[in-house]
Amino acid sequence: MIFLGLSAITILSAVIMVLSRRPIYSIISLIVCLYGLGGIYLLTQSQFLAIVHMIVYAGAIMVLFLFVIMLMNLDFPESLIRHKGIRLGAILTSGVIATIIISRIDRFAPSDAVRQSLTVKAIGKLMFTQYIAVFELSTIVFLSATIGVILVAGSRPVTPR
Amino acid sequence: MSIYLFLIEKTILSLVIFAITLSIAMYSTLAERKFAAFFQDRIGPNRAGPFGLLQPLADGLKFFFKEEFIPASSDKILFVLGPAIAMIMSCMSGAVIPWGKSLIIGGHPVSLQITDLNIGILYIFAVVSFGVYGVILGAWASNNKYALLSAIRASSQMISYEIAMGLALIALVMTTGTLSLSKIVESQAASHWNILLQPLGFLIFLICVFAETNRTPFDLPECEAELIGGYHTEYSSMKLGFYLFAEYINMFVASAVISTLYFGGYDVPFLNVSGNIGVLLGTACLFAKIFGFIFLFMWVRWTVPRFRYDQLMRLGWNGLIPLAILNLLVTGIVLVLN
């Protein structure tokens with residue numbers, strides 16, 4: 001029952017996000033969508049995942065999106081999906097992703113053992129033992145992205161005071 | 001215990017906490033004006049009721065009867081949504097704060113915490129990070145340049161200070177070894193208060209809380225001298241009231257969080273009373289701590305002038321974040337050595 005409600009909210013807000021004409025409404029419905037996803041995570045007993053999902057995506061990244069839209073004052077009178085090429089590309093990519101997910105859907109159901117291990121401690125342990133290589137690799141990716149941003153942003157001299 | 005009894009108990013508890021939060025926020029407005037008057041050698045509001053005690057009610061009534069004005073060029077949905085989000089998010093943190101130990105009523109224990117999430121700290125962190133949407137959306141929807149500037153200030157300020165706050169909290173979690181607020185309070189009752197174990201972390205956290213609640217010296221989003229009213233320039237009536245009120249609720253909840261995390265929560269020092277009286281005494285003690293912090297907020301507001309924006313950013317990125325990382329490092333080393 002709760003699952004159905006949450007999924008309805010998630011799907012509905014995702015659809016609104018794509019169809020909305022104004023970027024700010026897209027962002028708000030994306031935030032609602034992320035909330036819905038977080039709620040679904042909660043239903044699978046993974047509280048940590050749910051909260052981190054909400055903090056990182058809904059709390060931080062979406063604020064940045066809003067920030068950019070406000071700064072640039074982006075407000076397209078015409079929705080982007082009216083553009084033919086973009087529409088085709090979106091249908092193709094979402095089709096491919098949907099096919100992948102549907103073909104593997106039976107593997108996504110977590111076993112009870114996995115559910116038990118979704119506490120903060122267990123995730124931390126796994127991250128620093130079994131998956132240490134992947135973890136370090138992703139930190140390197142983030143670090144290089146940060147350095148890249150600083151280089152791009154700082155390549156022009158700051159206007160003197 | 002049957003599920004209905006459980007539901008009734010939790011409903012009553014949340015209603016009581018909601019009512020207490022609102023009434024404390026209401027009287028904080030009066031307290032703030034009284035303290036301001038005291039610091040500036042004035043009398044302060046004293047017309048409505050004895051010592052001006054009915055002043056908050058009069059203010060609230062006035063807000064309700066003011067004209068509801070929505071600017072023609074504003075985005076109407078978001079204009080209404082902004083103050084609503086600000087208000088809802090500021091009320092939500094109270095759900096995970098342990099307001100006391102379990103009362104024994106009719107033979108079975110009644111916990112004075114609405115939910116004991118095992119990730120309570122992260123929950124508060126999440127709610128705080130959503131709170132900024134109220135300001136941003138409301139300001140953007142007003143379609144006013146001052147409000148927009150204020151929204152940009154608010155969001156960059158909150159993002160910057162959230163990092164230092166998170167790092168200070170990580171050091172705290174490392175010393176206590178848990179993310180659950182009730183367990184953190186218990187661990188403090190068993191040994192020392194966290195302020196003794198994490199003095200630097202506490203200082204960083206306190207400064208960040210001032211920044212997150214938009215209180216002076218960090219109230220640049222509503223800096224009157226530069227931005228008129230900041231994000232609530234275009235607001236009137238109870239919507240303005242919600243924004244102003246949300247700030248006081250935030251202040252109350254922030255004080256509760258600080259007392260819980262660093263000052264032992266409902267732990268009464270040097271005293272060991274068992275039974276229901278002890279529990280109530282603990283809750284009273286928590287509220288005493290909270291009032292102390294609310295006073296601190298007001299004290300700072302009427303003594304310290306506002307930062308300049310570049311000073312604020314420099315303090316956040318060059319001062320607090322390196323300090324917080326250092327604190328984290330030292331905590332880690334000490335923990336390993338022990």
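Me: How many residues of chain B are in contact with residues of chain A?
Reply: Happy to start at the interface of this predicted model. Contact here asks for heavy atoms within 4.5 Å. By that rule, 23 residues of chain A meet residues of chain B, and the number on the chain B side is 27.

Me: Which conventions stand behind the numbering and the values?
Reply: Residues count from 1 along each chain as its sequence is written, while chains are lettered from A and ligands numbered from 1 in the order in which they are written. Local features need pLDDT of at least 70, side-chain atom pairs count only at pLDDT 80 or more, and totals for chains, interfaces and linings use all residues, with side-chain values taken over heavy atoms and hydrogens and water left out.

Me: What share of the area buried between chain B and chain A comes from carbon and sulfur atoms?
Reply: Buried area is the accessible area (1.4 Å probe) that two parts lose on being put together, summed over both. For chain B and chain A this comes to about 2200 Å². Carbon and sulfur atoms give 76%.

Me: Which three residues supply more of the area that chain B buries against chain A than any other three?
Reply: Together these three supply 27% of the area that chain B buries against chain A. They are B:Phe130, B:Tyr133 and B:Trp140.

Me: How many aromatic pairs does a search of the whole structure find?
Reply: Rings of Phe, Tyr and Trp (its six-membered ring) pair if their centres lie within 6.5 Å; planes under 30 degrees apart are stacked, over 60 edge-to-face and the rest tilted. Over all chains, the search finds 18.

Me: What kind of aromatic pair do A:Tyr35 and B:Phe130 form?
Reply: This pair crosses between chains, from helix α2 (residues 23–43) of chain A to helix α4 of chain B. Helices here are DSSP runs of H or I with at least four residues, strands are runs of E with at least two, and both are numbered from the N terminus. The ring centres of A:Tyr35 and B:Phe130 are 4.8 Å apart with 40° between the planes, and the pair is tilted.

Me: Is B:Phe130 buried or exposed?
Reply: Buried means under 20% relative accessible area, exposed over 50%, and partly exposed in between (1.4 Å probe, protein chains only). A:Tyr35, at 27%, counts as partly exposed. B:Phe130 has 4% relative accessibility, so it counts as buried.

Me: How many residues apart in sequence are the parts that B:Trp99 and B:Phe252 tie together?
Reply: B:Trp99 and B:Phe252 form a stacked pair, with 6.0 Å between centres and 10° between planes. Both B:Trp99 and B:Phe252 are buried. B:Trp99 lies in the loop between α3 (76–92) and β1 (103–105) of chain B and B:Phe252 in helix α10, so the pair joins parts whose separation in sequence is 153 residues.

Me: How many of the 23 residues of α8(A) are buried?
Reply: The end C-alpha atoms of helix α8 (residues 132–154) of chain A are 33 Å apart, which agrees with the 33 Å it should span. α8(A) is hardly covered, and its count of buried residues is zero.

Me: Which residues does B:Ala246 contact, leaving aside its neighbours within four places in sequence?
Reply: B:Ala246 sits in helix α10 of chain B. This alanine, B:Ala246, is buried, with a relative accessible area of 3%. Its contacts beyond those neighbours are B:Ala86, B:Met87 and B:Ser90.

Me: What is the relative accessible area of B:Asp41?
Reply: B:Asp41 lies in the loop between α1 (3–39) and α2 (55–65) of chain B. Its phi is near 60°, a positive value in a residue other than glycine. B:Asp41 is exposed, with a relative accessible area of 73%.

Note on methods
The expected span of a helix is 1.5 Å times one less than its number of residues.
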